[in-house]
Amino acid sequence: MGIGGKGFSVEVIENVVVGANEPWDDHWLPFTNLDLLVPPFDVGSFFCYNKPSSHETSFSTMINTLKASLSRALALYYPLASHIAWNAAAGENQIHCNNQGVDFTHAVADVQLNELNLYNPDESVEGKLIPKRLRGVLSVQVTELKCGGMVIGCMFDHRAADGYSANMFISSWADLARSKTPSMLPSFQRSILNPRSPTTYSSSIDNVFTTFKPPSKLNNDQNHNDLLVNRVYYIEGGQLNKIQLLASENGHRRSKLESFTSFLWKIVALSMEELGNHNDMCNVAIAVDGRRRLSEGDGEEKEKLMVSHFGNVLSMPSGAKRSRELSKMSLSNVATEVHEFLQTATGKDHFLDLIDWVEERRPQPLVAKAFAGNEMSVMVSSGQRFQIMDKMDFGWGKVAFGSCHVPSERKDCYVMTLPSPTNNEDWVVYMHMPIKHMNYIEAHASHMFNPLDADYLKI
């Protein structure tokens, strides 16, 4: 069986199901209130490896190692070998932990690692090097390249795991493949995210999340320019420093993430103005991890449980401005707006309030306020802390390149910043946005956004 596509072909050698290698206790795992803030969509990640330096390491050996270590990893991360279904007894969707296993695909691609167009993952990754999730919570594909290198692709149901959790799992899988004890064991203790009794929360939560109301009619009139595409760039450290200085001109030092988000927010607004969407609303949101914040002041045990918590622990504060106003603002003034909305979600109380706010609205579907309507909205997430270069070694060398991947059918705009595999000062930036805005960004900010290529990655 083959997978068609532009540039190179992929042949599937084997499809198997890999389950946990230990006796199984069939049970239901409920979602936490913070899990319920995540819509039912998929998010992927993929990792590229050069040919192993050892001539004794055959690809069949690597495949067998990956299967055996995945089986051991699923014994620890058992929800990933499960599926999400309606639990009639609880009256809600839950994770049915039944060890149905993970779809594992072994494939061969007629392409070398340095020939992959990683700048355009729609051409090189989508439908080729990363699997569709047809069932369950997780799917895996391992693809052998013509040069002897490898790509490991994973697709997760986002309702079960955020980026932090997915990273924790893949790191543990890599540890087990090297016969090492995982550096962190996952916690599935739901009680640490239970609501308070009685529930209480600030009205500020209504500025961050809202109940989801499906649109009255679907927009089937999308033209080519509205289509969302995936692109990957690198930003040199010197450029990041420049926008950080500009964003900090009002006397308040802004972080690199705040500065980058401000730059992106403004350039999207400028694109909207040039395209004739005069004075339309433009929203930007930032994903904030609450693990460290929720354990503040509660002792070492709570801190360990939160750090190892597997699931979703995210808030998504956002700002909304009209494109014309944004386009005329200085970068430092835009950065002040970003800093102010971000501050609403950086404390422990915000996440405690959020848990209680969800409790009073269950089982209604909920959504980040920035994405509740049809306005232009971009989610920015930071993957800098994941340190994938060091953690994703399965025993035949460090990763040459790793990134998230958003399926092409997703309609939300998503941007993730990642550490560079070649320069600690640089960033790699993954973007899932309408092609009309991508074209504008490439035309007007080419000094910032450099297309990722094999030369930069040194592969």
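Seven strands make up an open sheet of mixed pairing, ordered β15-β12-β17-β19-β20-β11-β21. The edges are β15 (318–322) and β21 (450–451); each has a single partner strand, so one side of each lacks a neighbour in the sheet. The model is predicted.

- Strand β11 (residues 228–235) runs antiparallel to β21, and two bridges join them.
- Y234 sits opposite N450 of β21.

**Helices on the sheet**
- Helix α5 (residues 256–274) packs on the sheet. It touches β11, β12 (281–286), β15, β17 (376–382), β19 (413–419) and β20 (427–434).
- The direction of α5 makes about 160 degrees with that of β12.
- Helix α9 (residues 331–343) also packs on the sheet, where it touches β12 and β15. Its direction makes about 55 degrees with that of β12.

**H309**
- H309 is in the loop between α7 (299–307) and β14 (314–315).
- Its relative accessible area is 0%, under the 20% cut-off, so H309 counts as buried.
- Beyond neighbours within four places in sequence, H309 contacts T32, S165, M168, S187, Q189, R190, I192, L193 and R291.

**Whole chain**
- The protein chain holds 13 helices and 21 strands.
- Its radius of gyration is 22 Å, close to the 23 Å from the globule rule for 459 residues, so the chain is as compact as a globular protein of that length.
- Its C-alpha atoms fill a box of roughly 60 × 55 × 45 Å along the principal axes.
- Of the 459 residues, 57% are buried.
- Among contacts between residues at least 6 apart in sequence, 80% join residues at least 24 apart.
- The accessible surface is about 19,400 Å², with 48% belonging to carbon and sulfur atoms.

Conventions
Residues numbered from 1 in each chain as written. Predicted model: local features only at pLDDT ≥ 70, side-chain atom pairs only at ≥ 80, totals over all residues. Heavy atoms only, no water. Pairing = 2+ DSSP bridges. Helix = DSSP H or I, 4+ residues; strand = E, 2+ residues; numbered from the N terminus. Contact = heavy atoms within 4.5 Å. Axes fitted to C-alpha atoms, helices over the stretch in contact; angles between N-to-C directions. Buried < 20%, exposed > 50% of the residue type's maximum accessible area, 1.4 Å probe, protein only. Rg over C-alpha atoms; globule rule 2.2 N^0.38 Å. Areas by Shrake-Rupley, 256 points an atom, 1.4 Å probe, with all protein chains shown as cover.
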